Amino acid sequence: MTPGDVGGRAAAPDSARADLNEQTDGTNGTKGHANGASANGSGADARLAPDIDRVERGGSRRPKIVLVLGGGGMRGMAHIGVLKALQTLGRRYDAVVGTSIGAFVGAMVCGGKSIEDIENTLIEVQKQDYFRLNTVKLLLKGTRAPSMYQGKVFKESLKKMLPEVELTEMQIPFYCNAVRLESGGTVYWGTPGFTEISLVDAVYSSCSLPGIFEPLQWEGHNYVDGGIVDSVPLRFAKTLDGDLIIAVDLTVKSTFKTPNYQRRVLSTIFRMFEIVEEVLVEQSLHMHVDYRVALIQPKVGHLHRFDFGQVSEVIRAGEEEALRVLTAHTSTRDLVSDEIRDGLVCPVTPRDHVSLHLDPTLCVGCGMCQMVCETDGYWAEGGVATVRKSANYECTRDYACVRNCPTNAISLGNL
């Protein structure tokens, strides 16, 4: 396959056709089980799926893949598109790590629900399924009320949608994070010592935005949304010792567009949460993105965190971006064979690098680009910054230079 092999067709993996032909439940694995997990499963206390599940047709051994599904509210419907892309490419994964909405989607697929079932369920979700004002408590307690919305309404919706399995019975090892309010530390449900919690409570805690829903109370502690401290948990994913990490980042910065901010209490709270989330994700990408990490960043950050009106479009955006990245990234493109498959397009330019651009007419020489770029892409001496690496192969795709440039002089390409 060459980069110029375009025209409505692209490469498919060696085992894709055989794997897809075996599917009867719409998942991206073998017959009857999500992602090809074995019937007796690998319990959540197993770090990754058994080695036997990584032997493909012909006897070759595929890499151990950890899938990371980041937080982002309803933007997380893009995760369904990513799962569909992995199914199309025939790529299996051996563990799923989820945060917030990523925990929700990950729990469904790891619990055995087909991708089609997940998509059909979530397309029908309405705002009232999650949000009902805590009117009585707000009137009686004011600022002493535990939350603005009733957590029990959200939890009841989770009970209806999540599979009825325990963490130790998941078909694919599944982990999700939450923050313990008393200590400020993070826990990962599904790890040793944290498997006794119900799947509903684990996902609820990982989705429980502070002040929006009540914290989960479990064994004397209170837990809230894991995305508060780690929206794309790459550091934990690396402890699972996989060969490859496929991570989905849904933070605002990836669109280059300013979100629709309004001067209201809730808008300000959500925007501040997003800014903190962006900075934390930026630092996480600086530290943990390397040649083993394929980073998928669907262009959905311009949408409001609780926009329920564009679910189908968000799913499609996730699928399209995942196909682009997985057929071009250095760590995943070798998993794709030269076999031509209708409906897929091979990228014309391999995405080995990010191109850096700086408009000298807008640059004021503040030096922010040099300060925030961890890969030395810019030089800010002499009044006006210059690009040191026009093709930056080390770029971690954290968008820090774009977000922190006060005059919009910087732009990135080949993304």
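The legends below describe several close-up views of one predicted model.

Residues are numbered from 1 along each chain as its sequence is written, and side-chain values use heavy atoms, with hydrogens and water left out. Because the model is predicted, local features need pLDDT of at least 70 and side-chain atom pairs count only at pLDDT 80 or more, whereas totals for chains, interfaces and linings use all residues.

**View 1. The protein chain as a whole, with its helices and strands.** The secondary structure of the protein chain comes to twelve helices and 15 strands, where helices (H or I, at least four residues) and strands (E, at least two) are DSSP runs numbered from the N terminus. Of the 415 residues of the chain, 57% count as buried; buried means under 20% relative accessible area, exposed means over 50%, and partly exposed lies in between, with a 1.4 Å probe and protein chains only. Among the contacts (heavy atoms within 4.5 Å) in the protein chain with a separation of 6 or more, 74% come from residues 24 or more positions apart.

**View 2. Helix α4 packed with helix α10.** Two packed helices are described by the angle between their axes and the distance between the axes. Helix α4 (residues 115-123) and helix α10 (residues 311-326) pack at an angle of about 145°, with their axes 10 Å apart; the axes are lines fitted to C-alpha atoms, for helices over the stretch in contact, and angles run from 0 to 180 degrees between N-to-C directions. On the α4 side, E119, L122 and I123 meet V311, S312 and I315 of α10.

View 3. The 16 residues of α10 should span 22 Å at 1.5 Å a residue, and its end C-alpha atoms are 22 Å apart, which agrees; the expected span of a helix is 1.5 Å times one less than its number of residues. Buried residues of α10 include V311, V314, I315, A317 and G318, and the buried residues of this helix pack against α2 (78-89), α4, β8 (244-248) and β9 (293-296).

**View 4. V314 within helix α10.** V314 has its place in helix α10 and counts as buried, at 3% relative accessibility. Not counting residues up to four places away in sequence, V314 touches M74, R75, M77, A78, V300 and L303. The C-alpha atoms of V314 and P298 are separated by 8.4 Å, and these two residues are 16 residues apart along the chain.

**View 5. Helix α7 and the aromatic pairs.** Helix α7 (residues 199-207) is mostly covered, with nine of its nine residues buried. A search of the whole structure finds eight aromatic pairs; rings of Phe, Tyr and Trp (its six-membered ring) pair if their centres lie within 6.5 Å, and planes under 30 degrees apart count as stacked, over 60 as edge-to-face and the rest as tilted. One of these pairs is tilted and joins F154 and Y204, at 5.8 Å centre to centre and 45° between the planes. This pair links distant parts of the chain, with F154 in helix α6 (residues 151-161) and Y204 in helix α7, 50 residues apart. F154 is buried, with a relative accessible area of 3%, and Y204 also counts as buried, at 3% relative accessibility.

**View 6. A stacked pair, Y188 with F236.** Y188 and F236 form a stacked aromatic pair, 4.0 Å centre to centre and 5° between the planes. Y188 lies in strand β5 (residues 186-189) and F236 in helix α8 (residues 234-239), so that the pair links distant parts of the chain, 48 residues apart.
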